[in-house]
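Q: I would like a close look at a single part of this model. Please take it slowly and link each step to the next.

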Amino acid sequence: MPAATFPKRLSALSPPWQGVAVALGAGLMALASQLAIPLPEGVGVPITLQTYALLVMAGLLGARLALIAVLVWLVIAALGAPVLADGAGGWRAVTGITAGFLVGMAAAAWICGRGAERVSGVWPLAALFLAGHVVVLMLGWAGLVSFMDPGSAFEYGIMPFLPGAVVKSLAAALTVRWVAR
């Protein structure tokens with residue numbers, strides 16, 4: 001079954017089931033935020049499975065539902081729930097040094113969700129998801145430069161996450177294709 005047909009079926013769910021899918025997606029983002037590999041001092045956040053969860057959601061739910069799930073997760077975080085990396089939550093956690101990454105996740109949810117509705121095959125899907133990581137990282141870097149110089153922002157805010165971006169993109173593509181079968 002081509003990947004393009006799977007998200008269309010999920011987006012065609014009745015509104016109550018779409019609500020369940022969004023709630024599960026926001027919950028998945030919260031859980032994935034807690035599954036972390038700490039990085040050395042100087043790097044503000046750990047490596048998490050947030051982007052893996054985000055990309056799987058985008059691939060399975062499509063653009064609209066994935067974006068709504070990410071926005072729900074961010075609202076819950078802004079209200080103080082410890083659903084971000086390292087158990088962070090609250091307005092400062094959402095608008096602080098990692099705000100660009102969080103905006104990037106919302107943008108990547110939409111972009112990758114739209115792309116997944118049109119792409120079939122593991123490799124094109126992995127390339128799409130890698131592009132989603134680029135969106136998250138570039139918007140994150142743009143946010144970081146308001147707190148530090150561009151070189152340090154790239155060294156500490158982007159470089160440590162590049163190998164994981166490749167691995168998580170491929171893993172998310174394989175997951176989506178496996179679930180969509």
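This is a predicted model: local features need pLDDT of at least 70, side-chain atom pairs count only at pLDDT 80 or more; totals for chains, interfaces and linings use all residues.

In which helix is L174 found?

A: L174 is found in helix 8, which covers residues 162–180. Is L174 buried or exposed, or in between? L174 has a relative accessible area of 44%. Buried means under 20%, and exposed means over 50%. L174 therefore counts as partly exposed.

Now compare sequence and space. L174 and P160 are 14 residues apart in sequence. Their C-alpha atoms are 23 Å apart in space.

Stay in helix 8 and look at L162. This residue also lies in helix 8. Its relative accessibility is 34%, so L162 counts as partly exposed. Together with V134, M138, F154 and M159, L162 makes a nonpolar surface patch. The patch has an area of about 410 Å².

V134 is found in helix 6, which runs over residues 122–144. V134 has a relative accessible area of 46%. That value makes V134 partly exposed, because it falls between the cut-offs of 20% and 50%.

Take the distance, then the angle. The axes of helix 6 and helix 8 come within 8 Å. They cross at roughly 135°. That makes helix 6 oblique to helix 8. An angle counts as roughly antiparallel when it is over 145 degrees. The crossing of helix 6 and helix 8 is right-handed.

Helix 6 has another partner to look at. Helix 5 covers residues 99–116. The axes of helix 5 and helix 6 come within 8 Å. Here the crossing angle is roughly 160°. Helix 5 and helix 6 are therefore roughly antiparallel to each other. Their crossing is right-handed.

Next come the charged side chains. How many salt bridges does the structure hold? There are two. In one of them, the side chains of R114 and E117 meet at 3.8 Å, N to O. R114 has 34% relative accessibility, so R114 counts as partly exposed. The side chains of R118 and E117 also meet in a salt bridge, at 3.8 Å, N to O. R118 has 54% relative accessibility, so R118 counts as exposed. E117 is a partner in the bridge with R114 and in the bridge with R118. Salt bridges with shared partners join R114, E117 and R118 into one network.

L162 and E117 are 45 residues apart in sequence. From C-alpha to C-alpha, they are 25 Å apart in space.

One last stop is a loop. D86 sits between helix 3 (50–78) and helix 4 (91–95). What is the phi of D86? It is positive, at about 60°, although D86 is not a glycine. Most residues other than glycine have a negative phi. D86 has a relative accessible area of 61%, so D86 is exposed.

Helix 8 crosses helix 6 at roughly 135°. Helix 6 in turn crosses helix 5 at roughly 160°.

Key. Residues are numbered from 1 along each chain as its sequence is written. Side-chain values use heavy atoms; hydrogens and water are left out. Patches are made of residues with over 30% relative accessible area and no salt bridge: like charges are joined within 9 Å, nonpolar side chains (Val, Leu, Ile, Met, Phe, Trp, Tyr) within 5 Å. Accessible areas come from the Shrake-Rupley method with a 1.4 Å probe; for residues, only the protein chains shown count as cover. A salt bridge is a side-chain nitrogen of Lys or Arg within 4 Å of a carboxyl oxygen of Asp or Glu. Helices (H or I, at least four residues) and strands (E, at least two) are DSSP runs, numbered from the N terminus. Buried means under 20% relative accessible area, exposed over 50%, partly exposed in between (1.4 Å probe, protein chains only). Axes are lines fitted to C-alpha atoms, for helices over the stretch in contact, and angles run from 0 to 180 degrees between N-to-C directions. Angles under 35 degrees count as roughly parallel, over 145 as roughly antiparallel, 65 to 115 as roughly perpendicular and the rest as oblique. A crossing is left-handed if the near helix is turned anticlockwise from the far one by less than a right angle, and right-handed if clockwise.
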